[in-house]
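I would like the cut-offs stated along the way.

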Amino acid sequence: MLESMFSHPDFWKYVSIPVLAGVIGWVTNWMAVQMTFYPLQFIGIRPFFGWQGIIPSKAEKMSGILVDQTLSKIGSIDEFFQQMEPEKIAAHLTRSVQSRIEEYTDEVMTERNAVLWENLPLLVRRRVYNRARRVVPEVMDNIVDDISKNVEELVDLKYMIGSQMREDRALMVKMFREVGDPEFRFVINSGFYFGFLFGLLQIPFLLYLPGNWVMPVFGFVIGIATNWVALNVIFRPLNPVRVGPFRVQGLFLKRQKDVAESFARLTTTEVVTLRNIMYQVINGPRADRTKALIKRHMRPLLEGGVVRTAAQLTVGPGGYADLKKAVEEKAVDLAVLPFEDPQFNRERGAIVERIMRERMCELSSEEFQALLRPAFQEDEWILILVGGVLGMAAGFIQLFLVFGIS
């Protein structure tokens, strides 16, 4: 058999087959990975002619899977918030508001009666500032304490993450790409190795089953097989299996510690941040409860003399109710602004990151694979089929260019 192979007039053409099959495998796997992530928005004519990356097209659904299958097993929104140390959150909020109390007071009072407020003696205005400054710490402590006790009712974690991923599909892609980067590189590079092996198997078929159909058919098989094998090697076997002296396990599952570190860092700096939680508390679907909570705790400020005094000095007794409403609205705005501070967000997030990382390392293989598996599993058959179609096209090209079939 070997002698007939070496003496065959098309020997070097046959030698090129495994190399070209490897290139086909690499290209099809590269294409499969790109189609998983890109484009971020649908390109083409809906519903059948066009494409949107699998992850961007199902960002909200995948974020729901992420919450249900992973985050819910690591901790609750209540636990995350408690780990961020509410007492320090309240202190940060107090410092931020007190440092700008004159600016905030001027803003509210100027909106109601700019001429009267600006013409009041500085001594009188300072009296209003000082009263507000004395009351703010207790008010902020009470607000944050109440939010802390009711955060599960005020924040829908699945909604928070789902809406964020829907509005920023690039963020979802970034998370999957960074967390699974070695696996995605393996999928691409393994296309060449598996393709080369399948190409070697193709040579005897070409020698003993001559026909123009062999190369396109094998191209189709190679394209499907390389994608299928690569995807399965990542997640199978689920648990370690002893094969002779080797311990075999899915590539992604073997990296549980490294993945936990990357996932925890990305989640606590991009998704489950103090800023995002507070934004949902104030602006999310349950914001009415938060606003009622804030108004309840604003009563010492509104009825304890500060606003009443300001009203008497500027808008008169008749404008008291209107001024109370303005102060309440300003308080709601102030509840979010201090949490735009990136340094404070990082400090609070670092605590949650450590806990999240430790608990992810403790997940079972079944629970852990749910972190990346949905990226492939959602429309896996499409990626495998596309690999087959591209492999068949490459087989025709190989047939025409290498063997000169016209």
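In which helix do R185 and D181 both lie, and how many residues apart are they? Both are in helix 11, four residues apart, or about one turn of the helix. Helices here (H or I, at least four residues) and strands (E, at least two) are DSSP runs, numbered from the N terminus. An α-helix has 3.6 residues a turn, so residues three or four places apart point the same way.

The model is predicted: local features need pLDDT of at least 70, side-chain atom pairs count only at pLDDT 80 or more, and totals for chains, interfaces and linings use all residues. Residues are numbered from 1 along each chain as its sequence is written, and side-chain values use heavy atoms, with hydrogens and water left out.

R185 forms a salt bridge with D181, with 3.0 Å between the closest N and O atoms. A salt bridge is a side-chain nitrogen of Lys or Arg within 4 Å of a carboxyl oxygen of Asp or Glu. Side chains of opposite charge can pair when their charged atoms come close. R185 is partly exposed at 45% relative accessibility, and D181 is partly exposed at 30%. Buried means under 20% relative accessible area, exposed means over 50%, and partly exposed is in between (1.4 Å probe, protein chains only).

By this rule there are 14 salt bridges. Another of them joins E358 and R354, at 3.9 Å from N to O. These two residues both lie in helix 20 (residues 342–361), four residues apart, about one turn of the helix. E358 has a relative accessibility of 40% and counts as partly exposed; R354, at 39%, is also partly exposed. E85 pairs with K88, the closest N and O atoms being 3.5 Å apart, and a network of salt bridges links E85, K88 and R348. E85 is partly exposed at 23%, and K88 is partly exposed at 40%.

Next, the chain as a whole. The protein chain has 23 helices and four strands. Of its 406 residues, 49% are buried. The chain exposes about 19,900 Å², of which carbon and sulfur atoms supply 58%; accessible areas come from the Shrake-Rupley method with a 1.4 Å probe, and for residues only the protein chains shown count as cover. Among contacts (heavy atoms within 4.5 Å) with a separation of 6 or more, residues 24 or more positions apart account for 79%.

On the surface, F205, Y208, L209, W213, V217 and V221 form a nonpolar patch with about 580 Å² of accessible area together. Helix 11 (181–208) and helix 12 (214–235) are the elements that give two or more residues to this patch. Patches are made of residues with over 30% relative accessible area and no salt bridge; like charges are joined within 9 Å, and nonpolar side chains (Val, Leu, Ile, Met, Phe, Trp, Tyr) within 5 Å. V217 is found in helix 12 and is partly exposed at 37% relative accessibility.

Inside, the largest nonpolar core has 84 residues, and the members that touch the most others are I161, F252, F263, V272, I277, I294 and L371. Helix 8 (residues 122–154) gives the most to this core, with 10 residues. A second, separate core of nine residues includes Y14, L207, M215 and F218. A nonpolar core is a set of buried Ala, Val, Leu, Ile, Met, Phe, Trp, Tyr and Cys residues joined through side-chain atoms within 4.5 Å.

Leaving aside neighbours within four places in sequence, L371 is in contact with L66, T70, F176, V179, F252, V259, F263 and M360. Q69 and L371 are 302 residues apart in sequence, yet 7.4 Å apart in space, C-alpha to C-alpha. Q69 lies in helix 4 (residues 59–74) and is partly exposed at 35%.

Helix 9 (residues 157–167) has buried residues including M160, I161 and Q164. Their cover includes helix 4, helix 10 (169–179), helix 14 (256–271) and helix 15.

Helix 15 is largely enclosed by the rest of the structure, because seven of its 10 residues are buried. N276 lies in this helix (residues 274–283) and is buried, at 11% relative accessible area. Its side chain reaches the backbone oxygen of V271 at 2.7 Å and that of E270 at 3.4 Å. These are polar contacts: pairs of N or O atoms within 3.5 Å, where, within protein, one must be able to donate a hydrogen and the other to accept it, and residues adjacent in sequence count only if both atoms are side-chain atoms. Apart from neighbours within four places in sequence, N276 is in contact with M160, Q164, E270 and V271.
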